[in-house]
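Go through it site by site, with the cut-offs behind each term.

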Amino acid sequence: MKKVAIFGSTGSIGTQALSVIASNPRRVKAAVLTCKSRVDMLRNQIRRFRPEAVVVDRKEDAAELRREYRDLKVFYGADGLEEAAGAMDYDIFLNALVGIAGLRPTMAAIKRGAVTIALANKETLVTGGRLVMREAAASGVPVVPVDSEHSAVFQCLAGNQENSIRRILLTASGGPFRGYDRSRLESVTLGDALIHPTWKMGRKITVDSATLINKGFEVIEAKWLFDVDASCIEVAIHPQSIVHSLVEFEDGALLAQLGVSDMKAPISYAFSWPERWATDSRTLDLIGTRSLYFEEPAGEARRSLDMAYRVLREIQESEGDSSAVVLNGADEALVELFLAGKIPFVAILDTLEDLLDKHTPRGIESIEDIMDIDLEARTTVRERWGQHKI
Ligand code: NAD
Ligand code: MG
């Protein structure tokens with residue numbers, strides 16, 4: 001029986017992970033659950049899955065939960081996430097938190113050792129890729145991706161050598177605004193941005209998918225996960241979201257992983273790896289699909305990718321990892337403002353480009369460096385847009 005810590009158990013990935021656990025009661029058990037604000041939902045999860053520990057955001061909620069559940073260990077706040085990750089007993093650490101909040105807990109879990117990191121939280125690698133992968137290698141801790149594209153690449157690589165990769169081809173649905181030009185994007189609303197054509201996800205990643213910065217983050221994530229040069233990572237727009245990604249090897253063989261759009265599949269694979277478990281996932285109707293469609297990202301779709309490749313150039317040429325932290329932190333702050341109705345959709349990429357232009361890349365020595373740069377980027381965004389009303 002594997003014990004799983006689910007950080008972010010009330011979110012889109014977290015709740016789907018719990019349904020994978022519910023379908024495999026003899027194989028996996030929830031050991032730690034965490035939430036930020038949906039404490040009542042967490043209460044239901046405690047009753048159903050009986051974890052040994054939970055983490056909530058507020059001290060008052062932690063005190064109440066301690067009174068309600070005498071045997072439960074209860075932590076709170078950002079420090080509580082780190083403490084629980086470092087102290088509790090589990091075999092798999094599923095990071096389903098959103099944003100840079102996932103970075104410190106991942107590091108704590110890696111340092112605890114004897115664990116598999118199942119990583120949905122891409123911001124961990126976007127901001128701390130070098131430090132996290134170095135620590136994981138030093139501790140012998142495997143990092144198994146949950147992001148569907150990276151899970152696909154990871155599955156294509158099984159049984160092959162990483163040093164025989166010629167090219168990684170990440171697929172992208174293109175989001176709800178595929179083919180829109182600038183003038184059409186200027187009038188899109190929050191409601192438009194929150195409807196994703198193929199995946200149902202949390203709000204932040206849904207907006208990131210609409211700007212396509214999500215795909216930019218995934219390019220950076222792939223660089224760290226698979227230790228490849230940015231020139232080996234390409235993106236293809238594939239609106240059907242059937243081919244989850246592909247790897248081309250040195251001998252020209254192109255392997256792809258296909259399936260229906262269901263995040264329970266990569267979550268289940270991260271739990272079962274290196275095995276595979278039976279799931280109730282729908283079978284892909286390949287004949288009914290008739291044809292698979294791919295196109296080159298062009299026009300507005302290139303802007304986010306261009307930023308990611310620019311950041312990767314800085315990382316590769318001068319270890320200027322700070323640019324990725326700026327990109328991530330500024331995006332988190334901008335998406336927050338967009339979700340609050342305070343800035344227009346186009347302000348997100350415009351501001352990110354401007355901030356990258358003004359930033360002088362520098363190296364990163366520690367997690368504290370990352371948190372400082374992140375705060376600086378968020379502050380700049382808030383100062384610029386804080387008083388703005390659309
Ligand atoms: P979500 O917003 O639905 O859930 C986030 C979870 O994290 C919730 O449980 C929330 O309570 C918790 N949380 C949020 N901010 C927190 C904070 N500051 N401190 C502590 N807890 C906090 O997000 P999601 O869509 O499940 O995405 C989770 C991660 O997985 C993201 O990094 C996302 O990019 C990645 N991802 C998601 C999907 C998907 O289908 N949802 C697919 C690929 C990758
Ligand atoms: Mg993805």
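How much space lies in the second largest cavity? About 40 Å³ of space lies there. The model is a predicted one, in which local features need pLDDT of at least 70 and side-chain atom pairs count only at pLDDT 80 or more, while totals for chains, interfaces and linings use all residues. Residues are numbered from 1 along each chain as its sequence is written, chains are lettered from A and ligands numbered from 1 in the order in which they are written, and side-chain values use heavy atoms, with hydrogens and water left out.

The second largest cavity is lined by Ser148, Ser151, Gln155, Trp199, His244, Gln257, Asp262, Ala265 and Pro266. A cavity is a set of points, on a 1 Å grid over the protein atoms alone, where a 1.4 Å probe fits but cannot get out; a pocket is an open set with protein on both sides within 12 Å along at least five of seven lines, and lining residues have an atom within 4 Å of a point. Volume is the space filled by probe spheres set on the points, which are joined across faces, edges and corners. Helix α7 gives the most to this lining, with three residues, and α7 and α12 each supply at least two. Helices (H or I, at least four residues) and strands (E, at least two) are DSSP runs, numbered from the N terminus.

The largest share of the lining, five residues, comes from α12; β11 (254–258) and α12 (264–272) each supply at least two. Seven of the lining residues are nonpolar, nine polar and two charged.

The magnesium ion (ligand 2) has Asp147 (OD), Glu149 (OE) and Glu218 (OE) as protein donors, 2.1 to 2.2 Å away. Donors are N, O and S atoms within 2.8 Å of the metal (3.2 Å for Na, K and Ca); water is not among the atoms, so sites may look incomplete. Asp147 lies in the loop between β7 (143–145) and α7 (148–157) and Glu218 in helix α11 (residues 213–226), so the pair ties together parts that are 71 residues apart in sequence. Asp147 and Glu218 are both buried, that is, under 20% relative accessible area with a 1.4 Å probe and protein chains only.

Around ligand 1 there are 22 residues, of which Thr10, Ser12, Ile13, Glu123 and Gly202 come nearest; a residue counts if one of its heavy atoms lies within 4 Å. A polar side-chain atom of Glu123 lies 2.7 Å from an oxygen atom of ligand 1. Polar backbone atoms are also placed by ligand oxygens, that of Lys36 at 2.9 Å and that of Gly11 at 3.1 Å.

Technical notes:
Buried < 20%, exposed > 50% of the residue type's maximum accessible area, 1.4 Å probe, protein only. Nonpolar A, V, L, I, M, F, W, Y, C, P; charged D, E, K, R; others polar. Polar contact = N/O pair within 3.5 Å; in protein donor to acceptor, adjacent residues only side chain to side chain.
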